[in-house]
Amino acid sequence: MRFTALAAAALIAASVHSSAVCYAEGTKIGYGQGTVVDSNNVPTDAAEFNSRYGDYDACALSEEDNRIIITFDQGYENGYTEKILDTLKEKNVSAVFFLTGDYAGKEKALVQRMIDEGHVIGNHGMTHASLPDLSEEDAKEEIMSLHNYVLEEYGYEMQYFRCPCGEYSEEALEAIQNCGYKTLFWSFAYVDWKTDSQPSTGEGFKKLTESAHGGEILLLHSVSSTNAEILGDVIDNFRAQGYTV
């Protein structure tokens with residue numbers, strides 16, 4: 001049975017792991033999942049992020065060790081999202097699409113299709129600004145202006161935020177939380193966004209399938225021709241490895 005957006009959102013919400021964080025400070029940090037993995041193929045830096053920032057409702061991993069969550073960052077349209085949506089529908093998979101304000105305003109048919117087909121819509125910032133560079137007031141505006149636009153335009157209330165450029169600070173995570181959002185990073189990503197230097201389909205497939213791990217939050221970019229081409233085979237491989245996608 002196909003997951004609804006509400007059910008998918010509930011699964012993610014249940015995954016956030018909490019631990020003690022005593023104060024918020026403003027140092028900008030660039031997130032990355034790192035290259036070191038544990039015996040279960042889980043990137044240790046992603047696990048450390050969960051442990052350190054769980055009290056801000058921020059996570060880089062799901063705690064469901066049999067599940068992989070596929071997410072896409074939607075900064076601009078490059079002609080591949082329709083094919084990606086076709087594949088997700090064929091494979092009966094709900095994904096998370098993080099929209100910028102520009103995308104939400106220009107690509108209304110695709111956004112509406114995402115909603116209609118049960119995907120989760122996430123907030124990637126109205127202008128894709130780095131939150132640690134903004135004042136608290138401006139950070140709230142960056143988040144809530146897009147929140148309110150999507151609510152008014154599509155009747156959809158977003159609840160997950162992904163920090164533009166993977167840049168965050170404790171103050172930024174707190175500001176996101178104060179806006180009523182949970183922050184989702186990722187536990188695996190690869191260089192798929194360079195449209196003039198795409199990995200081969202073999203290379204992309206190998207990277208994605210060999211990095212699979214329980215609780216994975218996978219970051220992909222829909223501007224990638226490679227991703228659009230291999231997505232169905234990747235989903236099939238994840239399932240063959242025993243994961244729910």
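1. A word on the ground rules. Residues are numbered from 1 along each chain as its sequence is written, and side-chain values use heavy atoms, leaving out hydrogens and water. Because the model is predicted, local features need pLDDT of at least 70 and side-chain atom pairs count only at pLDDT 80 or more, while totals for chains, interfaces and linings use all residues.

2. Have a look at helix 3 (residues 81–90) and helix 9 (residues 225–240), whose axes lie 9 Å apart at an angle of about 15°. Axes here are lines fitted to C-alpha atoms, for helices over the stretch in contact, with angles from 0 to 180 degrees between N-to-C directions; helices are DSSP runs (H or I, at least four residues) and strands likewise (E, at least two), numbered from the N terminus. The two helices are therefore roughly parallel (angles under 35 degrees; 65 to 115 is roughly perpendicular). Helix 3 passes helix 9 in a right-handed crossing (the near helix is turned clockwise from the far one by less than a right angle).

3. On the helix 3 side of that contact (heavy atoms within 4.5 Å) you will find Lys83, Ile84, Thr87 and Leu88, and helix 9 brings Ala228, Glu229, Leu231, Gly232 and Ile235. By class, this gives 5 nonpolar, 2 polar and 2 charged residues (nonpolar: Ala, Val, Leu, Ile, Met, Phe, Trp, Tyr, Cys and Pro; charged: Asp, Glu, Lys and Arg; polar: the others, Gly among them).

4. Helix 5 (residues 108–116) and helix 6 (residues 136–154) cross at roughly 80°, their axes coming within 12 Å; they are therefore roughly perpendicular. Lys108, Val111, Gln112 and Ile115 of helix 5 meet Tyr149, Glu153 and Tyr154 of helix 6, a contact with 4 nonpolar, 1 polar and 2 charged residues.

5. Now to the largest pocket, with a volume of about 450 Å³. A pocket is an open set of points on a 1 Å grid over the protein atoms alone, where a 1.4 Å probe fits, with protein on both sides within 12 Å along at least five of seven lines; lining residues have an atom within 4 Å of a point. A volume is the space filled by probe spheres set on the points, which are joined across faces, edges and corners. Of the 20 lining residues, Asp73, Cys165, Trp193, Leu219 and His221 lie nearest the centre. Strand 3 (68–74) and strand 9 (216–221) each supply at least two lining residues, and the lining divides into 11 nonpolar, 7 polar and 2 charged.

6. The second largest pocket holds about 190 Å³ of space. Its lining has 13 residues, with Val42, Ser62, Glu63, Asp65 and Gly214 nearest the centre, and splits into 3 nonpolar, 6 polar and 4 charged.

Note on methods
Angles under 35 degrees count as roughly parallel, over 145 as roughly antiparallel, 65 to 115 as roughly perpendicular and the rest as oblique.
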